[in-house]
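Okay, thanks for making the time, everyone.

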Amino acid sequence: MFRGGTWKNTPRDRAQHILGNVWLHLHPARVKPRSTKFTYTWGLGGISFLLFLILTVTGVLLMFYYRPTVGLAYQDMKDLEFVVTLGRLMRNMHRWAAHAMVVVVIFHMIRVFLTGGYKTPREFNWAIGVILLVLTLFLSFTGYLLPWDQLAIWAVTVGTNMASSTPFVGAEGPFSSLLGVGIKNDARFGLLGGTMVGGNTLLRFYVLHCVAVPVLTGILIIVHFWRIRKDGFSAATLPGDDPNKKVETWPNLIVREYIAAILVLVALLVWSILQNAPLEELANPNVTPNPSKAPWYFTGLQELLVYFDPWIAGVVVPGIIVLGLCAIPYLDTDPQKGLGYYSIKERPFANTIFLLGIGMWFTLMAIGTFMRGPNWAWYWPWQDWSVHKPPPASLQSWPMYVGGPLIVAYFAIGLFLPRLVKRELPFKKAALGGLLVFIALGLVAALLPHLTLAKGIALGIFLFVYYVIGFLMPHKFLKNLDQVRYIVTMALLLMMLGVLLKIGVRLGFDVKYIFTLPQFSLSI
């Protein structure tokens, strides 16, 4: 187990144990004491990798018993449940590990951000991590179809329908007519191998899920680990410690990682024994469930379809999220503040905006997963879906000559106003005053014929959030940014707040579109 003669438990032996092991040499021989604290990393990076290994092993075992054809896929799922020894357990572990990996990778990204782990010289590795998050979601999505039951086929149908709204290359997306794109040559057709989910789709998703995406993910995981090793662990020195103080990785860190891995494996095994992975009836393209929902990690995007056109909700918003996440290290100009420790108070602007975005993401997912019933109507979790809900109010769209100038004014004022106001504003007093003003405006708006008191107050809260996040905080915290970083940061911030405001306009004023250009299928 230990190479190089008799184990003597000396610092040299402990270092050699790390450097001479194919797995453990990813760690340095010595680390700062903060790195060994479970509450610093929560073990999320290692747990993500462990779940990837579990998925690889269980996935290979499942491949021995699975045939990716329309006529046999569902039958093989049944055989795994009732015929193959331990087949149900293997499938359960694979399914729940996939869901767990999505959650853990998201929380790993949150942890890295909150501890400043993206700062110099780790900008490139942060971008690799963001790409790995996208691949994790896509890996889970491609595997969703393989059981070939009703849940799978309609979840994938909903998810892939968004591809048809891609600008230029989607049959229903803006500007597709300029390139002659139709339903038989657009992005959705390329993903499905046809105009609807069928045998070609199943084969393509099988190859993507079992070969292409795992290989690419594995390569990027290697690069990710290599960069962690080259860039060094980001943990800062503990208060009161010598800046040069380090402890041996073995056993101080490695033993904790082993314990975490064992606990995760036991928890996953117990859960897989107690809770079976869902398997509904055989897929039937002629019977549409109501509601048809995307996989839970995409229901947030599906919920956005209530407020936005598909090309925005399914393509533009996730694209901007990914690009914005990758841009974070290059927009943060302070290489040391908040690096290697939790620093909520030291980075109020960055942490507030990031956590607001994460909160919006999880809120939309929760609404789409738990609050939407037949016809995508709002049902509380305790309400019976058999109770019919009245249809939503009729929607109106603003004419182009109203919506266009409003959008231009929104971005122009949002970009320039925080820097045009030169006088230093007392943040707390300005925020409190703004709260009172906007709540009062909401109460006044509630007097309008088509607004209720709840909608008026909600509208006031939306405006207050925009005032604080879009004006007060940039005015206070972005004064020292150079022009390019300031414009990019504010553009991303205004687009995020624009999502909130559009939701507010939709709920408060029953407005479907604030800007339409029907010649190019462009609606906002």
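Predicted model: local features only at pLDDT ≥ 70, side-chain atom pairs only at ≥ 80, totals over all residues.

Staying with helix 14, let's see what it packs on. Helix 17, residues 453-477, packs with helix 14 at an angle of about 155°, and the axes are 10 Å apart. Anything over 145 degrees counts as roughly antiparallel, so that's what we call helix 14 and helix 17. On the helix 14 side, the contact is made by Pro 348, Phe 349, Thr 352, Ile 353 and Leu 356, and they meet Ile 469, Met 473, Pro 474 and Phe 477 in helix 17. Sorted by class, that contact of helix 14 with helix 17 has 8 nonpolar residues, 1 polar and no charged.

Now the second pair, helix 3 and helix 9. Helix 3 is residues 44-63, helix 9 is residues 199-231, and their axes come within 12 Å and cross at roughly 150°. Again that's over 145 degrees, so helix 3 and helix 9 are roughly antiparallel to each other. The crossing of helix 3 past helix 9 is left-handed. From helix 3 we get Phe 49, Phe 52 and Met 63, and among their partners in helix 9 are Tyr 206, Cys 210, Pro 214 and Phe 225. The tally for the contact of helix 3 with helix 9 is 8 nonpolar, 2 polar and no charged residues.

Cys 210 brings me to the cysteines. Cys 210 is partly exposed, at 22% relative accessible area, while Cys 326, at 19%, counts as buried. The cut-off is 20%, which is why those two get separate labels. And how many disulfides are there? The count is 0, taking sulfur atoms within 2.5 Å as the rule.

Last stop, Ile 439. Ile 439 is in helix 16, residues 427-445, and at 25% relative accessibility counts as partly exposed. Leaving out residues up to four places away in sequence, Ile 439 touches Ile 457 and Ile 461. Phe 370 is 69 residues from Ile 439 along the chain, and their C-alpha atoms are separated by 29 Å.

Notes: Residues numbered from 1 in each chain as written. Heavy atoms only, no water. Buried < 20%, exposed > 50% of the residue type's maximum accessible area, 1.4 Å probe, protein only. Axes fitted to C-alpha atoms, helices over the stretch in contact; angles between N-to-C directions. Helix = DSSP H or I, 4+ residues; strand = E, 2+ residues; numbered from the N terminus. Parallel < 35°, antiparallel > 145°, perpendicular 65-115°, else oblique. Left-handed = near helix turned anticlockwise from the far one by under 90°. Contact = heavy atoms within 4.5 Å. Nonpolar A, V, L, I, M, F, W, Y, C, P; charged D, E, K, R; others polar.
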